[in-house]
Amino acid sequence: MGKTLLEKVWSAHAVRELGGGKTQLFVGRHFIHEVTSPQAFSMLKERNLSVHRPDLTFGTMDHVIPTDCPNRPFLDSVAEKMALELEKNVRNEGIAFFGPGSGRQGIVHVIGPELGISQPGTTICCGDSHTCTHGGVGAIAFGIGTSQVRDVLATQTVAAQKPGVRRVEVRGATARGVYAKDVALEIMRALGVNAGIGFAYEYCGSAVSRMDVEGRMTLCNMSIEGGARIGYVSPDDETIKYMQGRDFSPPAEKFSEAASYWKSMASDSDAEYDDSVFIDAQNIVPMVSWGTNPGQSIGIDQNIPKPESMAQGLRKPAEDALDYMGLVGGTPIAGTKIDVAFIGSCTNSRITDFRAAAAVLKGKRVAKSVRAIAVPGSEKVAMQARTEGIDGVFTDAGFEWRQTPGCSLCLAMNPDKLSGRQICASTSNRNFPGRQGSPSGRTLLMSPAMVAAAAICGEVADARKSV
Amino acid sequence: METIFQEKKAEMRADAVVNDKFIRAIEGTCVPVLGEDIDTDRIIPARFLTSITFEGLGELVFYDERFEASGNKKGHAFDDLRFEGASILIVNSNFGCGSSREHAPQALMRKGIRAIVGESFAGIFADNCCSIGIPAVRLKKEDLVWVAECAKGDPSAKARVSIEAGTFEYCGRVLAALQDESHKRAFLEGRWDAVYTLVEAQKDADKVAQSLPYLSFNVPSREFSDNAIAKKV
């Protein structure tokens with residue numbers, strides 16, 4: 001009987017069983033940022049412990065960065081304090097750090113794969129739930145809390161429960177104008193936001209094989225929104241091609257050795273799964289969320305569901321969500337007015353995302369009533385966008401094109417926040433109440449192309465009709 | 001004054017890893033915070049994460065659910081005097097979903113919560129609770145409905161979460177309370193602060209590192225990082 005990538009990686013990294021289903025697992029790559037690491041360093045100090053493998057931890061700054069005005073000291077003194085604390089910790093411990101202006105700074109889940117630090121067949125941890133993003137290159141990557149960040153710093157290991165593996169096969173081919181984000185939202189809609197608890201999602205099928213690695217990252221990024229702490233795509237030729245020539249990729253003389261290791265870790269064709277589900281790619285249309293969790297999403301051509309026609313358990317959450325959103329069941333989602341458009345976040349801030357949005361924006365203008373913001377996921381993405389002239393397409397259309405990468409409006413730990421009951425068409429990953437910084441702010445999740453279309457029209461619109 | 005005292009006690013407890021590490025049972029009154037899929041942004045909004053410590057989070061727990069923009073109270077259970085001093089939080093399913101922020105259970109702990117009873121918990125949240133010594137146990141849906149009603153009906157009723165027996169004793173009934181086996185053992189054996197357990201096997205961990213092909217063919221170089229640049233200069 002064959003094995004899944006998860007099983008192979010798990011047994012290669014298992015130090016010992018801790019009882020009760022927990023494994024002490026070696027962590028091949030550890031990423032830290034300014035929000036969830038300072039307390040971990042303090043805990044180490046309190047316990048007289050030191051960083052065991054500083055060479056396997058990598059730091060960047062992303063959450064609190066003001067992406068419009070990154071000059072130091074930051075205007076917000078608390079953000080400055082967090083930045084200084086991170087810089088002090090990485091300096092004291094000899095941890096590699098990619099700060100603003102280094103040419104390599106960015107959102108942790110964008111730069112990890114982009115720099116070639118995140119590799120197939122590795123274990124990756126970070127104090128951030130969207131660490132599952134790195135599964136796009138075939139890594140077993142999962143988010144941890146601050147106490148566990150402490151554990152990884154101290155020992156380069158973590159106590160982790162081995163999840164079951166649910167095979168999520170996306171059959172067939174997606175239609176033109178349908179992106180990885182739409183596939184991810186459709187999976188959340190179909191499976192729900194808590195069905196993944198205790199599971200890792202292995203995405204496969206022809207629609208996934210055809211996705212570029214950046215699309216696979218978008219897909220894996222949303223796994224946690226379905227309750228799955230881990231999501232991954234087995235490494236294939238596309239993955240190996242992606243790994244070539246990156247700053248931290250294996251050197252040329254070792255690359256083929258590396259590639260054969262990566263391929264050997266891919267799921268076997270006769271691997272056994274704990275569960276399997278099938279999604280039909282050709283039925284997926286551009287998706288938009290209508291509620292307050294990512295599973296509350298529908299196709300652009302559909303009506304917002306009526307709570308009374310939903311299954312018993314979903315009814316009350318749907319009523320509460322519609323009440324918060326100020327939307328009405330039975331009416332089309334298309335035409336919903338928006339106030340803000342945001343393209344960015346660890347879900348959708350890679351160069352392919354900006355290319356897709358630029359194709360919609362080219363030669364058009366953002367509606368007067370809309371404030372539109374685009375925030376590249378990394379300095380490398382920003383540089384590439386400049387080379388391709390994409391930043392110009394955005395600014396010509398009336399978008400604010402931010403020079404400094406960061407999490408920005410995804411979670412509003414920085415100056416970018418919604419105000420009042422503003423509605424934001426957003427490429428981020430969470431439409432939770434208050435997520436974008438205003439306690440009554442509203443989020444509509446969609447793909448970069450769809451946000452671009454919404455920005456132009458001033459309302460939710462079908463991006464396929466714009467290009 | 002009372003809340004400040006409680007928070008101090010809670011923080012002392014967080015630090016008292018050596019003295020108070022065996023967790024066999026939690027006793028106290030209950031406070032229900034109901035609703036499906038309550039995410040960690042709601043438990044502690046991101047704007048309150050701008051700190052380099054966990055101090056002071058207790059008073060900010062569920063902030064946007066508790067207060068209007070004007071600062072007026074909305075009437076949340078945590079501000080209901082009848083539930084004052086409650087140490088057991090009653091919730092529904094997929095509690096703690098979303099962000100991995102440990103600030104969420106830290107805020108609850110600093111508000112005086114010692115155990116959480118719900119239908120299900122998000123994985124990272126449950127692990128974070130375990131890491132700081134807060135049992136999160138699962139009841140059947142129908143039992144939870146009853147428990148929530150009892151808590152609302154008689155906020156002074158004492159409950160007991162028994163880790164060893166796997167039960168929740170409340171208002172004359174003994175209900176089955178499920179928990180992750182690893183969490184149960186960690187509480188009973190006093191190993192929920194996992195770092196010492198992990199340190200014990202450091203040599204074995206280093207052996208595993210040596211066996212990983214990717215660490216030999218590709219020790220990540222630090223020449224690209226800001227630190228290396230700083231050192232060169």
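These legends walk you through several close-up views of one predicted model.

Residue numbers start at 1 in each chain and follow the sequence as written, while chains get letters from A and ligands get numbers from 1 in the order in which they are written. Since the model is predicted, local features need pLDDT of at least 70 and side-chain atom pairs count only at pLDDT 80 or more, but totals for chains, interfaces and linings use all residues.

**View 1. Chain A as a whole.**
Let's start with the big picture: chain A has 15 helices and 19 strands. Helices here are DSSP runs of H or I with at least four residues, strands are runs of E with at least two, and both are numbered from the N terminus. The radius of gyration of chain A is 21 Å, close to the 23 Å from the globule rule for 467 residues, so chain A is as compact as a globular protein of that length. (That radius is taken over C-alpha atoms, and the rule is 2.2 Å times the number of residues to the power 0.38.) Along its principal axes, the C-alpha trace of chain A spans about 55 × 55 × 45 Å. Of the 467 residues in chain A, 63% are buried. A residue is buried if 20 or more other C-beta atoms lie within 10 Å of its own, exposed if 12 or fewer do, and partly exposed in between, with C-beta atoms placed from the backbone.

**View 2. A five-stranded open sheet in chain A.**
Read the strands across in the order β5-β4-β3-β6-β7, with parallel pairing. Two strands pair if DSSP finds at least two bridges between them. At the edges stand β5 (96-98) and β7 (140-143), each with a single partner strand, so one side of each has no neighbour in the sheet. On average, neighbouring strands of this sheet are turned by 20° against each other, direction ignored. Those angles come from axes, which are lines fitted to C-alpha atoms (for helices, over the stretch in contact); in general angles run from 0 to 180 degrees between N-to-C directions.

**View 3. Strand β4(A) and its two partners.**
Zoom in on β4(A), which pairs with β5(A) in the parallel sense over three bridges. Here Gly59(A) stands opposite Phe97(A), and Thr60(A) has Phe98(A) as its bridge partner. β4(A) also pairs with β3 (29-32) of chain A, again parallel and over three bridges, and there Thr57(A) faces His30(A). In a regular strand, side chains alternate between the two faces of the sheet. You can follow that in β4(A): Thr57(A) and Gly59(A) point one way, Phe58(A) and Thr60(A) the other way, and all are buried.

Most residues other than glycine have a negative phi, and most peptide bonds are trans. Now look at the bond from Arg72(A) to Pro73(A), which is cis, with omega near -10°. Pro73(A) sits in the loop between β4 (57-60) and α3 (77-93) of chain A. Gln156(A) has a positive phi near 60° and lies in the loop between α5 (146-155) and β8 (157-161) of chain A. With 29 other C-beta atoms within 10 Å, Gln156(A) is buried. Over in chain B, Phe62(B) has a positive phi of about 50°, in the loop between α2 (40-43) and α3 (63-66). Phe62(B) counts as buried too, with 22 C-beta neighbours inside 10 Å.

**View 4. Helix α15 (448-457) of chain A, under cover.**
Ten of the ten residues of α15(A) are buried, among them Met450(A), Val451(A) and Ile456(A). The cover includes β13 (287-289), β15 (340-343) and α12 (351-361) of chain A.

**View 5. Where chain B touches chain A.**
Here 62 residues of chain B are in contact with 81 residues of chain A. Contact means that the C-beta atoms of two residues, placed from the backbone, lie within 7 Å.
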